[in-house]
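Visitor: I'm new to this one and would like a close look at a single part of it. Could you pick a stretch and walk me through it slowly?

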Amino acid sequence: MPKKGKKVRIIGKEKISVFFQSSSKRQRLQLRANLLRASALLYRKTQEIVPVDTTALKRSGRILPLRSTKNTISSGVGYGSTVDYAIYVHEIAEYYHKPPTSWKYLERPFRENQSQIRRIVRGDQ
């Protein structure tokens, strides 16, 4: 896909959105595939550090479905659909997490892999 007119923008800590000005149907399909690959990478990285007590939080992890508008395609990773405490585990540093698990289990893997995620979405990797 041509680099011109394509911009990868990150929203929040777990959502990857791609904005594009114009592209062919084939290019949009490739972009969708790349976005799912990037989301799968992020999911694998979050699974490595998501805290595990009863395994409910870890099992609640999922790759978010692709969503698209005229000029945007988005996907990402989410936790907590079946547990109501995911946000607290993610945001409160004072809770004990047995290494290698960690709070910020979405944000940290995203930050650490952001350049690789961008390369995957752009089709450079």
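Guide: Let's start with Tyr 95, which is partly exposed, with a relative accessible area of 42%. Bear in mind that this is a predicted model. Tyr 95 sits in the loop between helix H3 (86-91) and helix H4 (107-122), and that loop, with the helices on either side, is the part I'd like to show you.

First, a quick bit of orientation. The chain has four helices and four strands, and going along the sequence they come in the pattern β-β-α-α-β-β-α-α. Of its 125 residues, 41% count as buried. Among contacts with a separation of 6 or more, 60% are made by residues 24 or more positions apart. The chain exposes about 7500 Å², and carbon and sulfur atoms supply 51% of that area.

Back to Tyr 95. Together with Tyr 85, Ile 87 and Tyr 88, Tyr 95 forms a nonpolar patch on the surface. The four of them have about 420 Å² of accessible area together.

Now follow the loop along to its prolines. The peptide bond from Pro 99 to Pro 100 is cis, with omega near 10 degrees. Pro 100 belongs to the loop between H3 and H4, and Thr 101 lies in that loop too. Is Thr 101 buried or exposed? Thr 101 counts as buried, because its relative accessibility is 16% and the cut-off for buried is under 20%. The side chain of Thr 101 reaches back to the backbone oxygen of Lys 98, at 2.5 Å.

Helix H1 covers residues 25-49, so Ile 49 is the end of that run. H1 has 25 residues and reaches 37 Å from its first C-alpha to its last, close to the 36 Å expected at 1.5 Å a residue. Ile 49 is one of the buried residues of H1, and others on that list include Leu 31, Leu 35, Leu 41 and Leu 42. Some buried residues of H1 have other kinds of side chain, among them Gln 27, Asn 34, Ser 39 and Thr 46. Beyond H1, in the loop between H1 and helix H2 (56-59), you'll find Thr 55. Thr 55 has a positive phi of about 75 degrees although it is not a glycine, and at 33% relative accessibility Thr 55 counts as partly exposed.

Lys 104 is in the loop between H3 and H4 and is buried, with a relative accessible area of 15%. What does the side chain of Lys 104 meet? The side chains of Lys 104 and Glu 91 come together in a salt bridge, 2.8 Å from N to O. This pair links distant parts of the chain, with Glu 91 in helix H3 and Lys 104 in the loop, 13 residues apart. Glu 91, at 31% relative accessibility, counts as partly exposed.

Let's finish on helix H4. Arg 111 and Glu 107 meet there through their side chains in a salt bridge, 3.0 Å from N to O. Why do we speak of a helical turn for Arg 111 and Glu 107? Because they are four residues apart in helix H4, they are separated by about one helical turn. Glu 112 and Arg 108 form a salt bridge as well, with their closest N and O atoms 3.1 Å apart. Glu 112 and Arg 108 are also four residues apart in H4, so about one helical turn separates them. Salt bridges that share partners join Glu 91, Lys 104, Glu 107 and Arg 111 into one network. As for cover, Glu 112 is exposed, with a relative accessible area of 52%, whereas Arg 108 is partly exposed at 27%. The count for the chain comes to four salt bridges.

How values were computed. Residues numbered from 1 in each chain as written. Predicted model: local features only at pLDDT ≥ 70, side-chain atom pairs only at ≥ 80, totals over all residues. Heavy atoms only, no water. Patch = residues over 30% accessible without salt bridge, like charges linked within 9 Å, V, L, I, M, F, W, Y side chains within 5 Å. Areas by Shrake-Rupley, 256 points an atom, 1.4 Å probe, with all protein chains shown as cover. Helix = DSSP H or I, 4+ residues; strand = E, 2+ residues; numbered from the N terminus. Buried < 20%, exposed > 50% of the residue type's maximum accessible area, 1.4 Å probe, protein only. Contact = heavy atoms within 4.5 Å. Polar contact = N/O pair within 3.5 Å; in protein donor to acceptor, adjacent residues only side chain to side chain. Expected span 1.5 Å × (residues − 1).
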